[in-house]
Amino acid sequence: VFPVKLTAISKAGCKDSVIKNVIVNPLPATSFTANPVCWKSPLEFKNETQIKTGAIQTYNWNLGDGTNSIDINPKKIYEKPGKYEVTLVAISNKGCRKDTTKEVEVRTLPMANFTFQDVCVNAPASFTNNSILEGEYLNYFWSFGDTATSTVQDPVHSYINAGKYAVRLTASTDLGCKD
């Protein structure tokens with residue numbers, strides 16, 4: 001609260017004054033966090049907005065892909081990987097408005113794929129890893145369907161019993177996205 005005084009003086013020297021209190025309301029300290037996620041996973045926004053006095057009346061989010069939200073802490077599954085400019089606008093119960101914009105990231109998923117040739121019992125089966133992801137390092141985990149596993153990119157494995165085996169390859173990025 002700031003007291004403001006106005007004094008009026010006429011040409012004849014008469015004067016009068018008035019004092020009125022001016023209230024200056026604080027702006028919201030708008031802030032949020034959103035940790036990077038893998039594509040097809042919900043990106044969770046954590047609203048960290050604060051205000052010294054009063055209350056926040058409204059939150060408006062522009063989620064960077066043409067969609068909006070009025071939730072305090074929205075969750076969003078983006079239609080494609082990439083980086084998005086997200087803006088949070090906070091409006092106090094006194095009409096004071098503040099916004100902040102941050103870039104959030106939705107990471108690309110790897111595409112796990114492999115080829116192999118059928119083999120005879122005790123013959124080495126070669127597995128060719130065809131997994132792809134541009135620009136990131138991939139880790140591999142193979143499960144050969146007979147309790148054996150490997151983390152080699154292109155493993156060789158021998159089966160001691162005839163039959164059909166469900167071979168599974170999981171490709172994961174160093175950032176935790178996997179297929």
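How many aromatic pairs does a search of the whole structure find? The search returns twelve. The model is predicted: local features need pLDDT of at least 70, side-chain atom pairs count only at pLDDT 80 or more, and totals for chains, interfaces and linings use all residues. Residues are numbered from 1 along each chain as its sequence is written, and side-chain values use heavy atoms, with hydrogens and water left out.

**View 1. F114, F116, F127, W142 and F144 form one aromatic cluster.** Rings of Phe, Tyr and Trp (its six-membered ring) pair if their centres lie within 6.5 Å; planes under 30 degrees apart count as stacked, over 60 as edge-to-face and the rest as tilted. Across the whole structure there are twelve such pairs. F114 and F116 make a tilted pair, because their planes meet at 35 degrees, with ring centres 6.1 Å apart. F116 has a relative accessible area of 47%, so F116 counts as partly exposed. Here buried means under 20% relative accessible area, exposed over 50%, and partly exposed in between (1.4 Å probe, protein chains only).

**View 2. Two lysines sit over aromatic rings.** The criterion is NZ of Lys or CZ of Arg within 6 Å of the ring centre and within 35 degrees of the ring normal. K40 lies over the face of W39, 4.6 Å from the ring centre. The charged end of K102 is placed over the ring of F32, at 5.2 Å from its centre.

**View 3. Strands β15, β14 and β17 form an open sheet.** Helices (H or I, at least four residues) and strands (E, at least two) are DSSP runs, numbered from the N terminus. Two strands pair if DSSP finds at least two bridges between them. The order is β15-β14-β17, with antiparallel pairing. β15 (149–150) and β17 (168–173) are the edge strands; each has a single partner strand, so one side of each lacks a neighbour in the sheet. β14 (residues 138–143) is joined to β17 by six bridges. Within this sheet region, Y140 stands opposite A171 in β17.

**View 4. F2, V4, V22 and V24 make a nonpolar surface patch.** Its area is about 360 Å². Patch residues have over 30% relative accessible area and no salt bridge; like charges are joined within 9 Å, nonpolar side chains (Val, Leu, Ile, Met, Phe, Trp, Tyr) within 5 Å. Accessible areas come from the Shrake-Rupley method with a 1.4 Å probe; for residues, only the protein chains shown count as cover. V24 lies in the loop between β2 (15–22) and β3 (32–33). V24 counts as exposed because its relative accessibility is 57%.

**View 5. P28 lies in the loop between β2 and β3.** Is P28 buried or exposed? P28 counts as buried, at 2% relative accessibility.

**View 6. K46 and E48 meet in a salt bridge.** A salt bridge is a side-chain nitrogen of Lys or Arg within 4 Å of a carboxyl oxygen of Asp or Glu. The whole structure holds five. For K46 and E48, the N to O distance is 4.0 Å. E48 is partly exposed, at 32% relative accessibility.

View 7. D99 is partly exposed, at 38%. R107 counts as buried at 15% relative accessibility, whereas E105 is partly exposed at 26%.
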